Amino acid sequence: MIVVMSANATEEHLKITVGHIEDLGYRAHILRGVERNVIACIGDERGKPQLLGLEVLDGVDKVMPVLAPYKLAARVKGVSRQPVPVSVNCVFGENNFCIIAGPCSVESEEQIMQAAKIVRAAGANALRGGAYKPRSSTYAFQGMGEEGLKLLALAKQETGLPIVTELMDVQQLEVVLRYADVIQVGARNMQNFSLLRELGKIRNPVLLKRGLSATVEELLMSAEYILAEGNPNVILCERGIRTYETATRNTLDLNAIPVLLERTHLPVIVDPSHGTGVARYVSPMTKAALACGADGAIIEVHPDPANALSDGNQSLDSAAFAQLMTELKPLAEAMKKEMSVKHTAR
Ligand code: PEP
Ligand code: MN
């Protein structure tokens, strides 16, 4: 931590502040400036009282951290980014642009089977589908629960696609683990720290979505909860944030992609479906995500969007998804990203 003294701080203020820093168990190193003095506090803050409290002292202007508050998620300069493998055909990182696609919710056997075949045929790497749905309204469709998970397993058996599905509560962990390859933590649960800690104790990849109003730093601190418990397999997802703009459901924060790629070694993907909330904006924003360096995208695809039980308005139908996948390929090539999937014949 760095303690910045006020311009009008006296020598007495400086002395008292240094005394406080040393009493808290740190070494204090004074850096004398022309206009103001700065004190570098040396020592590990973990397990000690917080230095931020020094801001209340007379003569102290502000207390600032020197290091990022996440250590395991941080990218070390010169060290390459860590891939997160899900299956042979689905590795996040390593210059791949991986596509997770499928409906917002699993609705029936017919619907998920159709969706799985559509996304596989178009070249998706993994199948998404929610069985436990975090809906803003308690009266909206809440998902099929374990029945939905069983249908996802059936779709996996049929297509070979690994399954990405949301876990809303620690209580469902055991059952979700029986069926899921990647566990999705939804935006509303990004700061559910007890859930994150439990996900740190398993080794399945976790797709961690950015909270509705969370900063990039808060997203990384949430990832740190999972990493700190021992699970290195975290994929981050920018899914749009709340802004004053109402023309779209959320504002897809593409700035976050290059920022995250610089700050963390974890793979970063984009969710243009929730990021825009409008099916016809999904294609341009997926392309933009690819262009700004993302490692992939998660896209809502439904065989019959007009009759979907959730998020039909932002879901692509079979033709629109196939077209998007075709249009992404030359862009991926230009970005030196790999999009090929080698499926065995079925
Ligand atoms: C979803 O993926 O269907 C979903 C609910 O996403 P989010 O948590 O980003 O709103
Ligand atoms: Mn959805």
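Residue A28 lies opposite C41 of strand β3. This pairing belongs to a predicted model, in which six bridges connect β2 to β3 (residues 37–42), the two strands running antiparallel. Both strands are part of an open four-stranded sheet with antiparallel pairing, arranged in the order β2-β3-β1-β4. The edge positions are taken by β2 (27–32) and β4 (60–64); each has a single partner strand, and one side of each is therefore left without a neighbour in the sheet. From one strand to the next, the twist averages 20 degrees.

Helix α1, formed by residues 11–23, lies across β1 (2–5), β2, β3 and β4. Relative to β2, helix α1 runs at about 150 degrees.

A further helix, α3, comprises the 14 residues 146–159. The distance from its first C-alpha to its last is 20 Å, close to the 20 Å expected at 1.5 Å a residue. Within α3, the residues G148, L149, L151, L152, A155 and T159 are buried. These residues cover an arc of only 160 degrees around the axis and are therefore placed on the same side of α3. Such an arrangement can be read against helix geometry: with 3.6 residues a turn in an α-helix, residues three or four places apart point the same way. The elements covering the buried residues of α3 include α2 (109–122) and β8 (126–128), together with β9 (163–166) and α4 (173–179). Just after α3, G160 adopts a positive phi of about 80 degrees.

Conventions
Residues are numbered from 1 along each chain as its sequence is written. Chains are lettered from A and ligands numbered from 1 in the order in which they are written. This is a predicted model: local features need pLDDT of at least 70, side-chain atom pairs count only at pLDDT 80 or more; totals for chains, interfaces and linings use all residues. Side-chain values use heavy atoms; hydrogens and water are left out. The expected span of a helix is 1.5 Å times one less than its number of residues. Buried means under 20% relative accessible area, exposed over 50%, partly exposed in between (1.4 Å probe, protein chains only). The arc is that of the directions from the helix axis to the C-beta atoms. Contact means heavy atoms within 4.5 Å. Two strands pair if DSSP finds at least two bridges between them. Axes are lines fitted to C-alpha atoms, for helices over the stretch in contact, and angles run from 0 to 180 degrees between N-to-C directions.
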